[in-house]
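Here are some notes on the structure you asked about. They are numbered so that each can be checked against the view below.

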Amino acid sequence: MERLGLMGRMGLEFFKIVISYMKAKEGIEGIILGCTELSLLLNDIVSPVPCLDTRKYIYQNYYR
């Protein structure tokens, strides 16, 4: 997390709070990181729920 800097850490904490709230109140089981830079901030290790990074699947299929 050192590589994130202050704003990155603040953003990460914000998203973790929002995701935790949605998990508790809405019962979400995962989040989709749909072609955004959010995958630079979030992953299965730091997120309260699993993350589906669509960029990973796009790249895997593109370079096959």
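1. A definition comes first: a helix here is a DSSP run of H or I with at least four residues, and helices are numbered from the N terminus. By that definition K16 and E13 both belong to helix α1. They are 3 residues apart, about one turn of the helix. Please keep in mind that this is a predicted model.

2. The overall layout is brief to describe. The chain contains 2 helices and 2 strands, and along the sequence they follow the pattern α-β-β-α. Of the 64 residues in the chain, 23% are buried.

3. Which residue forms a salt bridge with K16? The partner is E13, and the closest N and O atoms of the pair are 3.5 Å apart. The cut-off for such a bridge is 4 Å, so a distance of 3.5 Å is within it. The structure holds 1 salt bridge. In general, side chains of opposite charge can pair when their charged atoms come close.

4. Are the two partners buried or exposed? K16 has 25% relative accessibility, so it counts as partly exposed. E13 is partly exposed too, because its relative accessible area is 36%. Partly exposed covers the range between the buried limit of 20% and the exposed limit of 50%.

5. The largest nonpolar core has 9 residues in all: L12, I19, I28, I31, L33, L41, L42, V49 and C51. Two elements, α1 (5-26) and β1 (31-33), each give two or more residues to this core. As a general remark, nonpolar side chains in soluble globular proteins tend to be buried together.

6. S47 sits in the loop between β1 and β2 (51-53). Its relative accessibility is 9%, which means that S47 counts as buried. A polar atom of the S47 side chain lies 2.7 Å from the backbone oxygen of V49. V49 is also one of the residues of the largest nonpolar core.

7. The count of aromatic pairs comes to 1. This pair is F14 with F15, with 5.5 Å from centre to centre and 75° between the planes. An angle over 60 degrees counts as edge-to-face, so the pair is edge-to-face. F15 has 27% relative accessibility and therefore counts as partly exposed.

8. Which residues make the nonpolar surface patch of about 540 Å²? They are I58, Y59, Y62 and Y63. I58 lies in helix α2, which spans residues 54-62. With 43% relative accessibility, I58 counts as partly exposed.

Key:
Residues numbered from 1 in each chain as written. Predicted model: local features only at pLDDT ≥ 70, side-chain atom pairs only at ≥ 80, totals over all residues. Heavy atoms only, no water. Phe/Tyr/Trp six-rings, centres within 6.5 Å; stacked < 30°, edge-to-face > 60°. Buried < 20%, exposed > 50% of the residue type's maximum accessible area, 1.4 Å probe, protein only. Patch = residues over 30% accessible without salt bridge, like charges linked within 9 Å, V, L, I, M, F, W, Y side chains within 5 Å. Areas by Shrake-Rupley, 256 points an atom, 1.4 Å probe, with all protein chains shown as cover. Salt bridge = Lys/Arg side-chain N within 4 Å of Asp/Glu carboxyl O. Core = buried A, V, L, I, M, F, W, Y, C linked by side-chain atoms within 4.5 Å. Polar contact = N/O pair within 3.5 Å; in protein donor to acceptor, adjacent residues only side chain to side chain.
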